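Hi everyone, thanks for coming. Let me put the structure up, and then we'll walk through it together.

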Amino acid sequence: MSLPVRVATLAAAFVAVVAGASFLVIHYLLGGPPVEAFTASSGQVNITMQEDPQNTVTSKPDWVSYFIQSPTTHQWVHTTLFQVPAGTRVNMTILGYDGCTPLRNPYWSKVTGTYGNVALVNGKPVSVLNSWSGCNVGHTFSIPGIGLNVPMASPPLTANLCGTSPCTAGPHTVVKFSFTTPKVAGEYFWQCRVPCGGGFVTGFGGPMQTIGYMTGNMEVVS
Amino acid sequence: MAAAAGDASPGAQAIRPNDGEPNHGLRIFLMWVVLALAADLLIWFVWGPHLPPGTMATASAGQQFDIKVMAVMAAPVMVLVLVYFGYALTVWRQRDGDEEDGPALHGNTRIQATWITVTSVMVLSLFAFGTYELVTAQGAGAGEGPSPIWKPTGHTTLQVQVIGQQWRFTYRYPQFGGFETTQLMLPKGAWVEFHVTSLDVIHSFWAYQLGVKADANPGVDNVAFTKPTQLGLVTVRCAELCGLWHGAMFDYGHVVSPAAFASWASATRIRLASVTKILPPYATSYDPTVIPNINKAMAKAGISGANGYYYPGPPFTPTAP
């Protein structure tokens, strides 16, 4: 093999390695769902989310997923990352389109960390939602770092669940609660505590371990 | 080479006076005695009290004692190696203009036998010491399964169940109505009997200042004992890689006075009564498959669950957007 051919081969291999590494960095490290930034109005932030029995907008359509309504376009965005100001009251509304699954630990049936330690489920105040007593809990919205835990009520047992995401019609619940963001800026992860990761060990794989589906970050900025 | 003179083996020359050579062996021995003694005193009295994991509880104090003993045993060996190394570099180094080869190396039976005997005795002694420590109160902070070797006798223990779950520890107090909470509160001066288990994957309950580190396995009751002897904050971390948010699986416990603990337990029992009544009966471990079984039954009955379909259910056909 002549010297020019060897040099060209080496250069091509080098370029291939650099391109591969760049792709990995961009695709896996820098890629990911967008962050929805919320700003306070009259000292409060209003966030609307929904949880769906599927998501028909990704390559994992059978994974359950949350969506966030963009504060600017009001379109549903497939993300679980949101940004809020520090020390601000957040009024959260979550539309529950998914069916029921019992919590593995019924301790998480209790609403904690919200104003009054209650949530409004379809307009009625609730402090405990027992997922073992009936088909009534689909997921939870929990931010362990601030002690927040709210079980998400599910539609009725016989409901014909929404089949296209993001859901815009179909039986669903409306869960409302408010909490105050920490005064300290930082990232606070949130998660669902219902074992709803389809086909994965202990039900906590797949969407439960993937940002953009059933877990995400609340970024608190000062 | 300064040590090359004479017909004896180099090893012997290194320790015996020979033809005007200083007594290198005596020199090395004296330096070693002084430095080893100083190192051991520093380790025991100066560094020792600051060694991890502190002395907040009996288990942690025992671990600190064990580390001090091992360090005090190991330091003279290390000092001897370093002293010999430094002495050889300083005294027996090749001088400028010295082109002569060093003497051939031969073994020295007496030195080798002494070295092997002394180090063997030390290692076996530490083995015996470590084994003894493990089967006494000192080792009780490590989970020893459902039937621990050592148990405190003649004391009433406070039972605290530690339940690992992605990604939080919860604590259940069976002697106070079985309430479950995310707060770890312990009274000073009481033996605590941790029952560590998990509801999903393997976690590890690591209460650093208490000297407790016990695996949390699903379906297993892993028992560990400790007695907090000081008031203060306890850092609790999961020490077993357990998923996406493993790094965030930590909390802080508190060791408080017995009166403060009693007050807290009483108030918490009342505060959590609404959720305590829907918890499963207290057990030393919980079968994580109970929930799947519930869901299987639901699926069999044609009841729709969350459509993640973790459990057998109707096939899911995604609909195109």
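Let's start with a question: leaving aside its neighbours within four places in sequence, which residues is Ile28(B) in contact with? Before I answer, a word on what you're looking at. This is a predicted model, where local features need pLDDT of at least 70 and side-chain atom pairs count only at pLDDT 80 or more, while totals for chains, interfaces and linings use all residues. Residues are numbered from 1 along each chain as its sequence is written, and chains are lettered from A and ligands numbered from 1 in the order in which they are written.

Now the answer: Ile28(B) touches Val83(B), Tyr84(B) and Tyr87(B), where contact means that the C-beta atoms, placed from the backbone, lie within 7 Å. You'll find Ile28(B) in helix H2 of chain B, residues 24–47. Helices (H or I, at least four residues) and strands (E, at least two) are DSSP runs, numbered from the N terminus. Ile28(B) counts as partly exposed because it has 19 C-beta neighbours inside 10 Å. The cut-offs are these: buried is 20 or more other C-beta atoms within 10 Å of a residue's own, exposed is 12 or fewer, and partly exposed is in between, with C-beta atoms placed from the backbone. From Ile28(B) to Ala142(B), 114 residues along the chain, the C-alpha atoms are separated by 42 Å.

Chain B as a whole has 7 helices and 10 strands, and 30% of its 321 residues count as buried.

Over to chain A, which has 1 helix and 13 strands. Of its 222 residues, 44% are buried. The C-alpha trace of chain A spans about 80 × 40 × 30 Å along its principal axes. Among its contacts between residues at least 6 apart in sequence, 69% join residues at least 24 apart.

Thr164(A) and Pro61(A) are 103 residues apart in sequence, with 9.6 Å from C-alpha to C-alpha.

Finally, the nonpolar cores. A core here is a set of buried Ala, Val, Leu, Ile, Met, Phe, Trp, Tyr and Cys residues joined through C-beta atoms within 7 Å. The largest has 81 residues, and those with the most contacts inside it include Val150(A), Val175(A) and Phe205(B). A second, separate core of 5 residues includes Trp167(B), Cys238(B), Cys242(B) and Met249(B).

Methods. Contact = placed C-beta atoms within 7 Å.
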